[in-house]
Amino acid sequence: MASSSAIGKLSREEFRRQKDLDAARKAGTAPAALDEEGRPINPHIPQYISQAPWYLDTGAPSLSHQRRPFDDRSADKLDNWYDRGAKAGPAAKKYRKGACENCGAMTHKKQDCLERPRKKGAKFTNKNIQADEIIHEIATGFDAKRDRWNGYDPAEHKKIYEEYEAVEAARQKLREEEIDNQTTTDLAAVRKVAKAGKKEGKEADPDFGSSDEEDADDDKYADAADAVGQKLDTKTRITVRNLRIREDTAKYLINLDPESAYYDPKTRSMRDAPIKNVPAEDAKFAGDNFFRFSGEAPEVQELQLFAWQAAARGNDVHLNANPTQGQLLHHEFKEKKEMMKDVNKVSILAKYGGEEYLEHVPRELINGQTEDYVEYSRTGHVIKGKERAKARSKYPEDVYVNNHTDVWGSWYDLSSGTWGYACCHSTIHISYCAGEMGKEAAQASTAQALLASSKAQSEPSAQDNEARARIEQNYSKKRVGEGDVSLDKDRLAEAISEEKKRKARGDKDDDRSSKKMKGLQSGSHDVTEEELEAYRMTRRNAEDPMANYVDSEDVYTR
């Protein structure tokens, strides 16, 4: 059956023979078929497994299409990578044709050069020609092409450790500065004190500061155990309280005002006091900062700082390993420091003098009671005694210029919203004072005074009314016939007859010019409303499409 795929279409006789051969091979009477490599093929394998597909058919019986293909993945290894920045021998001394015009290397062109662009390239100067790079031909597979870490040097990971160590050192230094923000510690003196402590420790009891052998196991297991309500890291010796006792009230429930102290749920800390108007000593919870900087916490921080600085100088001082020794050395260091300060002060005063300038009156006596008697009234005025002198300003006060009796800014004008002088109500700075006349002028120039003066004016005379009526007749809308006009019927009929006579004579232009001359001679050139209405009624509208229409028949006759 394995060879049936390579035989193709068989005749009936050949197909019967093939069936008999397959039955004999299954029965074991005939030898099994061999593949290309000489390995026998199991006759019991179904045809759909032993028959190769058309794109893998070799024409011979074989089961190679069912086996995993052999793949050499040696090219996909991470170690098989090109050497970055490798140079091929010494550099050339002269520029070669076809090389990079910038650096002179033959392995790349000017647009691919990674060096800094020169003002004049190596092609023109023949100087500082770079060596050729080594180009590696690496045949990478499918996985190697898509491996993001291919070619990565594990030695570069050490830089990350160095960076974190530098950050940790800077953080510890900053913490030391915060602890020692008030006082400074002389590291040289710390070393001297530590050395002195070593010498005294040799002569003293050797068991001082150490535990017994029977307690060693207990201390070891106690260090490894976690305390209740605490997170203890035995390597860094840092204890963080991350749980609270269930009987205590939660920090965020002390004050339910959302505008109160901020509570950080991640660290379970509330730095500020939740209730502001209660003293920190009397409050149930005054914030984490109060506990951090109250009691013996600052002293412990100073002791820790002393131990760090002493250990940095090579002294065997450790606060957690031997806290008693560290506390004794710190106490001795502070005593010697104060003694050295006093010695330096005495020596400087003995050499240069000036001790009298360091003596001053205590502040209690300076701000205390005096023998000066002063008696005040209920309003605060001095009745008897000398009043305390007032502090003078650096700016000039009560200085009057330009005849003013008040200072600038002593008066405010509500109408204009400006400052001025109260003596003359002038709002112009450094102006001359006019006194009461200035007040009257300022009052008269206000908007209210101007409106009152306009109402007090008399009514216009009859001549003014006549002139105004004539002006309105000439220039108002009534003159052009757009307003409500009252016409005299007799004058209108007379004007219509005159207009018809004028049109019948045909001397329109001459009559108008003669009328104008007549009007100018009589001293009046006005046109009455009746004449204007007669002209409108008798004129012919050329734009009217029904102007020339005449009915030939009486359409509306009944």
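This is a predicted model: local features need pLDDT of at least 70, side-chain atom pairs count only at pLDDT 80 or more; totals for chains, interfaces and linings use all residues.
User: How are two packed helices described?
Analyst: Two packed helices are described by the angle between their axes and the distance between those axes. Here, take H10 and H11. Their axes come within 10 Å and cross at roughly 90°. Angles of 65 to 115 degrees count as roughly perpendicular, so H10 and H11 are roughly perpendicular to each other.

User: Which residues of H10 and H11 meet?
Analyst: From H10, Glu302, Leu303 and Phe306. From H11, Gly326, Gln327, Leu329, His330 and Phe333. By class, this contact has 4 nonpolar, 3 polar and 1 charged residues.

User: Which residues make up the largest nonpolar core?
Analyst: There are 8: Leu303, Phe306, Ala307, Ala310, Val317, Leu319, Leu329 and Phe333. H10 gives the most, with 4 residues.

User: How many salt bridges does the structure hold?
Analyst: It holds 15. One of them joins the side chains of Lys251 and Asp288, at 3.4 Å, N to O. That pair links distant parts of the chain, 37 residues apart: Lys251 lies in the loop between strand S2 and helix H9, Asp288 in helix H9.

User: Is Asp288 buried or exposed?
Analyst: Buried means under 20% relative accessible area. Asp288 has 16%, so it is buried. Lys251, at 22%, counts as partly exposed.

User: What separates Arg502 and Glu499?
Analyst: About one helical turn, because they are 3 residues apart in helix H16. Arg502 is buried at 6%, and Glu499 is buried at 10%.

Definitions and conventions
Residues are numbered from 1 along each chain as its sequence is written. Side-chain values use heavy atoms; hydrogens and water are left out. A nonpolar core is a set of buried Ala, Val, Leu, Ile, Met, Phe, Trp, Tyr and Cys residues joined through side-chain atoms within 4.5 Å. Buried means under 20% relative accessible area, exposed over 50%, partly exposed in between (1.4 Å probe, protein chains only). Helices (H or I, at least four residues) and strands (E, at least two) are DSSP runs, numbered from the N terminus. Axes are lines fitted to C-alpha atoms, for helices over the stretch in contact, and angles run from 0 to 180 degrees between N-to-C directions. Angles under 35 degrees count as roughly parallel, over 145 as roughly antiparallel, 65 to 115 as roughly perpendicular and the rest as oblique. Contact means heavy atoms within 4.5 Å. Ala, Val, Leu, Ile, Met, Phe, Trp, Tyr, Cys and Pro count as nonpolar, Asp, Glu, Lys and Arg as charged, and the others, Gly among them, as polar. A salt bridge is a side-chain nitrogen of Lys or Arg within 4 Å of a carboxyl oxygen of Asp or Glu.
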